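Welcome! Let's ask what lies behind a few of them.

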Amino acid sequence: MKKVLQLALGIVTSVGGFLEIGSITTAAQAGAGFGYQLVWSILLGTICIAFLVEMSGRCAAVSKHTIPDAMRERFGARFYAIPLIVMLGVSLLVLAAELGGVGAALHLATGISIPVWAVPVLLLAWALLWYTSFSVIENGVSLLGLVTVAFAVGAVKLHPDYAAVAHGVLPTLPHEKASNYWFVAVSVLGASISPYLYYFYSSGAIEEKWDESYVGMNRAIAAMGMGFGGFLSIAVLVLAAIIFHPGNIEVKHYQQLPMLLTPAFGRPGFWLVVASLGIACLGATLEISLSLAYLVAQGFGWEWGEDLSPSDDARFSLTYTLLLVAASLFALLGVDPLKLTEISMALTAASLPVGVFPFLILMNDREYLHEHVNGWLSNGVVLLVSLIAAVLAIVSIPLELIGGGG
Amino acid sequence: MMHLFADVLDEQLHDVNGNKAGRIDGIVLELRDDKPPRLAYVEVSPITLLARFSQRLAHWFARFDRRLGPGRGAPFRIPWNRLTREDPAFKMDLDVEGTPINAFEDWLRERIVDHIPGS
């Protein structure tokens, strides 16, 4: 019975934690720019992240190692420095985008500009990390994040052309705006396959003391949690395709996001988007801050754990504090969160192989995984999708910058 | 049988109370006349870790570290015979609190963290 409850909670928190500024805005841009044509990119990204999350939970349950822990041990300090530096750099931008997303939600709610909110949002996020436990963050914020289910309800209420949506599941070449099409596809992949999600998940599994008996439950949580999360992203794409695409309206400003739900719900739709954006981005802010602090602390062998008091893991607590302060500077300086999101999601996609390839080697190492090593399907899917994402990113980012999105 | 690089270097270290005590950043072998080399110490220190990337960085850090007190400025060494393998880490028969491994952690705790209410 306890495991059934854990399973339900795991799925709910995965769903609640899936949407954030990256997945909301990239899905909205995909729907607005290309109708249902880019559904495949969300599907591909969701399948890949589901495999990665399952792998990270299995790694923790069987080997009792988190990913950074095993990476430093298996590949050595010199190699470990590469994913550490790349992850810190790219994820700091993603963290800045999420903090900007919370600020954007507060701007929409109050009319007070984002830079004014930068310090209060920083203090709120820091206080939640400093004073609460892992389960409060994982369960509390993610449960509140279920408000994002409103996107699915809204999409159904607008009666989309389901046959056309299904048609978008198969990748097709763009009819127009080719460089922008691939850039948006890459951003969607980067938003879906967020490395912080599976780093956070593996550390959570260690904090909750998973053992081999959790392997089956882990698979169910990863498949259903990420699956429902991807479904919500597709709902955002569908809404944008119905509302923005017919008028050729591009999503260039976060102020356009509330229009996703006002046709379905009227004025409450505005508040549902504000709440979804604010809560989802705050949840992602906490998860990314912790993931990066885990990455540093586990790499150096420090004491770590969100369930310890800051006094017991001072260096770990200092790490997330400094990261939050650094990422808040972007909002304080008035950097547009949507621009930051576009760049950081594309960079996430470009940098995927740096973290994913060594992780795949680990997942095939019998010294760590015993009989639970990866099968051909996990290896094939993750290798293929992360390679596709990286190659598309490396090609499309310069084209997008030169073409200015045309 | 143990492979020094695969099975010792970069492994997590725990202290006698099970607290995390850093990672094994370096291995020190003793060269003996007419006998095979012997694993004498492991080192846990930012100086050793930095030296694996750049000797200059390591020298610079050691110079800075020397100013922090007596016994500082050199890597902290633990005799190999004080370590035992307890998967998934190595365990030393010392309390990390009495070593320089946690010096920065202790400094942070005493000077900053403990002054923040509710920490």
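This is a predicted model: local features need pLDDT of at least 70, side-chain atom pairs count only at pLDDT 80 or more; totals for chains, interfaces and linings use all residues.

Q: Which residues of α9(A) and α15(A) meet?
A: On the α9(A) side they are Phe183(A), Val186(A), Ser187(A), Leu189(A), Gly190(A) and Ala191(A). On the α15(A) side they are Glu342(A), Met345(A), Ala346(A), Thr348(A) and Ala349(A). Sorted by class, this contact holds seven nonpolar, three polar and one charged residues.

Q: What makes α5(A) and α14(A) roughly antiparallel rather than roughly parallel?
A: The axes of helix α5 (residues 114-131) of chain A and α14(A) cross at roughly 165° and come within 9 Å. An angle over 145 degrees counts as roughly antiparallel, so the pair falls into that group. The crossing of α5(A) past α14(A) is right-handed.

Q: What kinds of residues make up the contact of α5(A) with α14(A)?
A: The contact divides into 13 nonpolar, three polar and no charged residues. Among them are Leu122(A), Trp126(A) and Trp130(A) from α5(A), with Tyr320(A), Leu324(A) and Val325(A) from α14(A).

Q: How do you know whether Trp40(A) is buried, exposed or partly exposed?
A: Count the C-beta neighbours: Trp40(A) has 17 inside 10 Å. Buried would need 20 or more, and exposed would need 12 or fewer, so Trp40(A) counts as partly exposed.

Q: Where is Trp40(A), and what is it in contact with?
A: Trp40(A) belongs to helix α3 (residues 39-63) of chain A. Leaving aside neighbours within four places in sequence, Trp40(A) is in contact with Gly168(A), Val169(A), Leu170(A) and Pro171(A). From Trp40(A) to Ser378(A) there are 338 residues in sequence and 19 Å in space, C-alpha to C-alpha.

Q: Which residues touch the most other members of the largest nonpolar core?
A: Val236(A), Leu237(A) and Ala240(A) do, in a core of 148 residues. Helix α13 (residues 267-300) of chain A gives the most to this core, with 19 residues. Not counting residues up to four places away in sequence, Val236(A) touches Ile24(A), Ala27(A), Ala28(A), Phe151(A) and Leu260(A). There is also a second, separate core of 13 residues, including Leu13(B) and Val44(B).

Q: How many residues of chain A are in contact with chain B?
A: On chain A there are 21, in contact with 21 residues of chain B. Both α4 (67-110) and α14 (314-332) of chain A supply at least two residues to this side, and the largest share, six residues, comes from α4(A). The chain A side divides into seven nonpolar, seven polar and seven charged residues.

Q: What is chain B built from?
A: Chain B has four helices and seven strands, and from the N terminus on they run α-β-β-β-β-α-α-β-β-β-α. The C-alpha trace of chain B spans about 60 × 35 × 25 Å along its principal axes. Of the 119 residues of chain B, 25% count as buried.

Definitions and conventions
Residues are numbered from 1 along each chain as its sequence is written. Chains are lettered from A and ligands numbered from 1 in the order in which they are written. Two residues are in contact if their C-beta atoms, placed from the backbone, lie within 7 Å. Ala, Val, Leu, Ile, Met, Phe, Trp, Tyr, Cys and Pro count as nonpolar, Asp, Glu, Lys and Arg as charged, and the others, Gly among them, as polar. A nonpolar core is a set of buried Ala, Val, Leu, Ile, Met, Phe, Trp, Tyr and Cys residues joined through C-beta atoms within 7 Å. Axes are lines fitted to C-alpha atoms, for helices over the stretch in contact, and angles run from 0 to 180 degrees between N-to-C directions. Angles under 35 degrees count as roughly parallel, over 145 as roughly antiparallel, 65 to 115 as roughly perpendicular and the rest as oblique. A crossing is left-handed if the near helix is turned anticlockwise from the far one by less than a right angle, and right-handed if clockwise.
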